[in-house]
Amino acid sequence: MVNTIWAAMILAGIVYAAVQGNVGLVTTAIFSQAASGLTVALNLLAITTVWFGLSRVAARAGLLDALARLIAPVLRPLFPDIPRGHPSLTAIALNIAANVLGLANAATPFGLQAMKELQRLNPRPDTVTPAMITFLALNSACATLLPATAVALRAQAGAREPAIIIGPAAIASGAAMLFVLLVDRWTRRTSGW
Amino acid sequence: MTPLSWTAWILPGLVAVTLVAGLRRRVPVYDEFVAGAAEGVRLGLRLIPLIIGIYIAVGLFRESGALAWVAQAAAPVLAYAGFPPEILPLMLIRPFSNAAAMGVIAELLQEHGPDSFVGLLASVMQGSSETTFYVAALYLGSVGIRRSLHAVHLCLLGDLVGYLAALWATSVLFLA
């Protein structure tokens, strides 16, 4: 799926540019986009460095265990195949908390950490596990209490009430989350996981 | 004071609590930070090619005009569901790139006004969705998973449901 979509976007871009008689654009776009991708990646590298460092300190201080005990009862039914007290549950909890609070900077490093821990439980390292699918689904439709980016963009555009969209956004993301979790339950059952 | 100012306290609070708790337990905080950070660096390095790959595809798709063309071609289908055609480029690009989606929204807000139906719907959609494909590709790629089964399909399906819910919520709350 990832491979197909990736190739389709690039090929569509090349074909469309060619039809418009503007193939030269492809060359400049590829390298300018690679450069902005690098900027984003380096920024993310700095962020993961900080968060991985801090979360290790937090783990040694016993803070993550406390959080894990607190949140385990909520996550347990969603991830029945993760062993009790496994560090991936803590990372998942931190990722969801960061998402809900709109802390995008923190959400990604915790998500990556969760994937790393989930991969340790994976008997076939090249294949996705049911727990990973549930985690990705949850992440893709995570209910955001504070859609900070959207509110900021509206404020910038001079909206009367920039924050008026918080309610409907929470409803929409809540509905999407419920839906993907139900589909995930259903696929788990039908595929015998 | 903005309405969101309390969020400014989350990060400083977390860092302070972590350090105080660490010091009380006599954790060598700097050494542990460095050890954890080194892992973060290793991971961050592995992400660079993944991100550059996605940026090339999304950028080429958008800048060549293919995005606008696909949006135009798909407009009748989505108009049937009740989406204003102007919103389509946003729906198509949102799962792939946050930066590109922000650009599209900024344009929509400027062109239609932030309090118009299109402006409100675009904001609700941005606020209720994720860069699904980007996140899935990044997360799966970071641990070297090649067989992703139905994971990406499920995420994209979730986006679609989120868009429909956003349309419904926006219509009910702002058109009534």
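1. Let's start with how the two chains meet. In this predicted model, 85 residues of chain B are in contact with 86 residues of chain A. On the chain B side, the elements giving two or more residues are helix 1 (10-24), helix 2 (29-63), helix 3 (66-81), helix 5 (98-112), helix 6 (117-128), helix 7 (132-142) and helix 8 (151-175). Helix 2 of chain B is the one to look at, as the largest share of that side, 26 residues, comes from it.

2. What is that side made of? Sorted by class, the side of chain B that touches chain A has 52 nonpolar, 24 polar and nine charged residues.

3. Helix 1 (residues 2-19) of chain A packs against helix 2 of chain B at an angle of about 40°, with the axes 7 Å apart. Helix 1 of chain A is therefore oblique to helix 2 of chain B, and the crossing is left-handed.

4. If you want to find this contact on screen, helix 1 of chain A brings W6(A), M9(A), I10(A), A12(A) and G13(A), while helix 2 of chain B brings G53(B), I56(B), A57(B), V58(B), L60(B) and F61(B). By class, that contact has nine nonpolar, two polar and no charged residues.

5. Finally, the core. The largest nonpolar core has 114 residues, and L90(B) and A136(B) have the most contacts inside it. Helix 2 of chain B turns up again here, with the largest share of this core at 13 residues. Beyond its neighbours within four places in sequence, A136(B) is in contact with L136(A) and S140(A) from chain A, and with A151(B), V152(B) and C155(B) from chain B.

Key. Residues numbered from 1 in each chain as written. Chains lettered and ligands numbered in written order. Predicted model: local features only at pLDDT ≥ 70, side-chain atom pairs only at ≥ 80, totals over all residues. Contact = placed C-beta atoms within 7 Å. Helix = DSSP H or I, 4+ residues; strand = E, 2+ residues; numbered from the N terminus. Nonpolar A, V, L, I, M, F, W, Y, C, P; charged D, E, K, R; others polar. Core = buried A, V, L, I, M, F, W, Y, C linked by C-beta atoms within 7 Å. Buried ≥ 20, exposed ≤ 12 C-beta atoms within 10 Å, placed from the backbone. Axes fitted to C-alpha atoms, helices over the stretch in contact; angles between N-to-C directions. Parallel < 35°, antiparallel > 145°, perpendicular 65-115°, else oblique. Left-handed = near helix turned anticlockwise from the far one by under 90°.
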